[in-house]
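Here is a brief report on a protein model.

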Amino acid sequence: MKDRKKVEIKARGRSKFLTHAEELALMAAWQENGDERARMALIDAHMPMLQSFTGRASRSASDREDILQEAIIGFTIALDRYDARHGIRLGRWAKNHVQKELRDYRLANCAAIRLPNSRRTKDMENRVIGVINELERVYGVKLTRAQKE
């Protein structure tokens, strides 16, 4: 099923932007009648926004499709929770849901270890290297790279 969704995403072309009235009519068709075509039309209309999130969030071309799928998941969550009575356009409403979904994806799939890069850490590293160099000079022994690490 996941492969079918990828094919559907690739098959969709560039879509036109919706007016607020068109957006509301499609939302009503989706929320009140469960019209899947209306739902797909809303996703298609917001695909440029989702692709822009994908471009910013992906670190390489290989994970771009996965990130786009996560953005679409976030958008569909927003579709299910959207209430037009608040007076906010769907794209603005969905933005936070998409960003949350992408954040969750990165936390689950990216390295959790972050190397420190502060001035204090660099100073400490330089002091350790200085001590190693002094020991090598005093004892006349050169440490290998593996021993230094």
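## A buried glutamate and its partner

E23 is buried, with a relative accessible area of 2%. Buried means under 20% relative accessible area, exposed means over 50%, and partly exposed is in between (1.4 Å probe, protein chains only). E23 forms a salt bridge with R89, and the closest N and O atoms are 3.2 Å apart. A salt bridge here is a side-chain nitrogen of Lys or Arg within 4 Å of a carboxyl oxygen of Asp or Glu. E23 sits in helix α2 (residues 20-33) and R89 in the loop between α5 and α6 (90-109), so the pair ties together parts that are 66 residues apart in sequence. R89 is partly exposed, at a relative accessible area of 35%.

## Basis of the model

This is a predicted model, in which local features need pLDDT of at least 70 and side-chain atom pairs count only at pLDDT 80 or more, while totals for chains, interfaces and linings use all residues. Residues are numbered from 1 along each chain as its sequence is written, and side-chain values use heavy atoms, with hydrogens and water left out.

## Overall make-up

The protein has 8 helices and 0 strands. From the N terminus on, its elements run α-α-α-α-α-α-α-α. Helices (H or I, at least four residues) and strands (E, at least two) are DSSP runs, numbered from the N terminus.

Of the 149 residues, 30% count as buried. Take the contacts between residues at least 6 apart in sequence: 61% of them join residues at least 24 apart. Contact means heavy atoms within 4.5 Å.

## Other salt bridges

How many salt bridges does the structure hold? There are 6. One of them joins E36 and R39, with the closest N and O atoms 3.4 Å apart. Both residues lie in helix α3, 3 residues apart, or about one turn of the helix. E36 counts as partly exposed, at 42% relative accessibility. R39 counts as buried, at 19%.

R85 forms a salt bridge with D83. Their closest N and O atoms are 2.8 Å apart. R85 counts as exposed, at 74% relative accessibility. D83 counts as partly exposed, at 22%.

## Packing of α3 and α5

Two packed helices are described by the angle between their axes and the distance between the axes. Helix α3 (residues 36-45) and helix α5 (residues 64-81) pack at an angle of about 125 degrees, and their axes are 11 Å apart. Axes are lines fitted to C-alpha atoms, for helices over the stretch in contact, and angles run from 0 to 180 degrees between N-to-C directions. α3 and α5 are therefore oblique to each other. Angles under 35 degrees count as roughly parallel, over 145 as roughly antiparallel, 65 to 115 as roughly perpendicular, and the rest as oblique. The crossing of α3 and α5 is right-handed, a term for the near helix being turned clockwise from the far one by less than a right angle.

Which residues make the contact? From α3 come R39, L42 and I43, and from α5 come F75, T76 and L79. By class, the contact has 4 nonpolar, 1 polar and 1 charged residues. Ala, Val, Leu, Ile, Met, Phe, Trp, Tyr, Cys and Pro count as nonpolar, Asp, Glu, Lys and Arg as charged, and the others, Gly among them, as polar.

R39 also touches W30, along with T76 and L79, not counting residues up to four places away in sequence.
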